[in-house]
Each structure stands twice: as structure tokens, then as C-alpha cells.
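Take a look at the structure below.

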Amino acid sequence: MAIKVTLRKRVLASGKVSLYLDYWPAVRNPRTQQYSRREYLGIYLVKSPKTGFDKNANAEKLRQAEAIRAQRELALINEEFGFIDKARQKMDFLKYFRSKLATHDQKWTRVYNHFERYSKGRCVFNDITVEFCNGFKEYLLSADKLNAAKLKNKEKSGTKLSQNSAAGYWSTFRALLAIAYRERYLNENVNDFLDPIDTIETRRQFLTQDELNTLAATPCEIPVLKAASLFSCLTGLRISDILALEWENITKHTDGGWCIRLQTEKTDNEATLPISDQAYELCGTAGKGKVFKGLNRGMTRQPLQNWLKDAGITDKHITFHCFRHTYATLQIAQGTGIYTVSKMLTHKNVSTTQIYADLVDSKKREAAEAIKINPK
């Protein structure tokens, strides 16, 4: 099939002339997956240049636009006939990786930091081979955890990544490769030749109802930490979603109760989740901006452990994420169906039971009211 890319002009209402490429036949936008015949270059000409400066500027911009046109046409021809697009293969893979971080959760940033260290800060698309990727897999299985201070000083932390963390990071990296292949930055689906890292079954820690009541009755040096922790026990929300929660996300539901509308950071799911009156009271006085003002991740480490110790909960290693496990465990103990719990936790599927199913709002409302905290 004949492929043609033509440089065209469009006069704007402002009087400027916009340059764009006209593709024939239409091409698929690798990001939107929609077919289009036009690509605006963001290059503008003076409509009626009068000075030598404007004339020279127009001529230079036309040369730049023509160079882009020729490059696009050559790339399309190369891909049409299965040839390797040399220009694309030399593009910076790390820059491409960075461009994806803003639309994904913090785990993607951690994986990027590890990959940058593995690749020693230099990697082009031509380097992404099966061997190179498997080398990153081996790196993850023996890598140290990274934090901001260690990254800045290029030091090792001395604490190894767990196998499950390595498995999660490797899965994220493979997701990036799948996106790059779909967007035609990779000529081969490398994932077809890469095996996953096996995870190790771990015991999930949670609080019993008595322990939760005891914790609620125990003073905490940081009131916002206590409120957010109990809120997590009553809603199952992750720390990332609690940190991002704003008052505009909390609204009255048609059934008269409170609910949260949010897009979870980890799964990118949009959800409307009923919450109990008790959970709403933990949010404090309604206002604007963040609900749990002043809360930060640092509080969920040593300050949380101090509070748990004051409550006498020392025989378990409880982290903030364990409050999410507490929510799920106590819901099931109260007789809430596994599918309802799955929906309340915004899980995409239920691996321990049968195929996932949508549930009516009334069931989710019952789940929201199932757990009650009764401080001793």
C-alpha cells in the first residue's frame, strides 16, 4: 500500500499559520489507539511576513517541519515492510520510562529507580533484548531496597528486596514493555520470552476485634495518625488513597449515608464506596482540601509502632497496610460475602473464590456498617 505524508498549512483565527502532517492512509495514534490523518506539529508561521527576520524564521520552521515529515514517512514505510526503524531504536528508553511515571503509582517510580541503577543511567530501545531484561530480573532478585538518601549518595541500604517485592517490580517492568510494544517503540514483544518471578505465600497480619477496640482506646501522640488508622480499619482504604483523600471526594449517597468517590492509586479503579457514620466522624470537621491534614508516610512507621506498643500489641508485626487486612478479615468474620468485600476493596477479581461479580449498592451499604469500634 502506498504511504504518503504531506506537510500542510492551516490559517488560524489568530492570524498565525499552523503546520500539520496529513497521513494517507490514516495512522493509529499509539497513545489513544484512535486512527487519525492529522498530526499538528506545534510549529507556527507568520501569515504575511514583512521583515527579513520573519521571512527567515518562516523558512527555518518550514525546513524543520519538512525534516519531521520525511522522518515520519520513512518510519511508516519501515514498519509497513517490517524493517527496523533505526531512529526509534536509538531513542532514550529511560526518558520514555520517565514519561509514564506521572500516570502510575509510586511503585513505577521505584522500579524506574532500580532500572536506572541497573542500566547505569543509559539505555536506548535497541538495548531492550531478552538477555538485557533477564539481567534486570536477576538484578531485582539480589537488589537492595532504595530510598531517597541512598539514591542521592549512590549507596546500598544493606536491606534486600523481598522476593515478593522483586516479583511485583518485575511485573511492573513487563507492563511497561507491553505498553512500549503496543505503541510500536519495540519491534518485538519481548514479554513472550520472559518468565515471571514466583511469589512466596506470606501470612497477612491483622487485628482482632478486641485488639482494634483496645487500639482505639489507647491515646496516640499524633491524633491524625490515630484517626487515619481507624478510618482505614473501617473502610479498607490504602495509605496512598487516604493521603490523597479530599473533602470533595466525600458526599451524601442517595440512600442517606456517606460515601467516598475516588480513583484508587494502585489499581487506577474509579469507585463509589459507602462508609459508616463512625468512619465519617473520624474525618473531623468538614472543610476543603485534604481530609487528614498533616498526615504523612513517616508517621506510619515508628510513630505507629510506638502507638501499637502502648496498646500492648507487640506479638504481631502490624503495619499501616495491615489495617486494610483487618477490615477485610473482620468483614468476612461478620458474615459479609467475599464478593462484597472484593468490591469494597476495589479489587479487580476474587482469586480465592469464583468469578467476580458486580454487587448492588445496598449490599455495599450493609458492608460499610458491619464493623463498629467500641473503645474500652
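This is a predicted model. Start with R69, which sits in helix 1, the stretch covering residues 52-80. R69 is buried, at a relative accessible area of 14%. Leaving aside residues up to four places away in sequence, R69 touches V5, T6, L7 and L21.

Which side chains meet R69 in a salt bridge? One is E66, with N and O 2.9 Å apart. R69 and E66 both belong to helix 1 and are three residues apart, about one turn of the helix. E66 is partly exposed, at 33% relative accessibility. Another partner is E73. Here the closest N and O atoms are 3.4 Å apart. E73 also lies in helix 1, four residues from R69, again about one turn. E73 is buried, with a relative accessible area of 19%. The cut-off for buried is under 20%, so E73 falls on the buried side.

Elsewhere, salt bridges that share partners join R8, D22 and R37 into one network. Side chains of opposite charge can pair when their charged atoms come close. The whole structure holds 11 salt bridges. One of them links D22 with R8, the closest N and O atoms being 2.7 Å apart. D22 is in strand 2 (residues 17-28), while R8 is in strand 1 (residues 4-11). R8 counts as partly exposed, at 36%.

Now the cysteines. A disulfide is a covalent bond between the sulfur atoms of two cysteines. How many disulfides does the model contain? The count is zero. C123 is in no disulfide, and the nearest cysteine sulfur, that of C133, is 8.1 Å away. A disulfide needs the two sulfur atoms within 2.5 Å. C123 is buried, with a relative accessible area of 4%.

Technical notes. Residues are numbered from 1 along each chain as its sequence is written. This is a predicted model: local features need pLDDT of at least 70, side-chain atom pairs count only at pLDDT 80 or more; totals for chains, interfaces and linings use all residues. Side-chain values use heavy atoms; hydrogens and water are left out. Helices (H or I, at least four residues) and strands (E, at least two) are DSSP runs, numbered from the N terminus. Buried means under 20% relative accessible area, exposed over 50%, partly exposed in between (1.4 Å probe, protein chains only). Contact means heavy atoms within 4.5 Å. A salt bridge is a side-chain nitrogen of Lys or Arg within 4 Å of a carboxyl oxygen of Asp or Glu.
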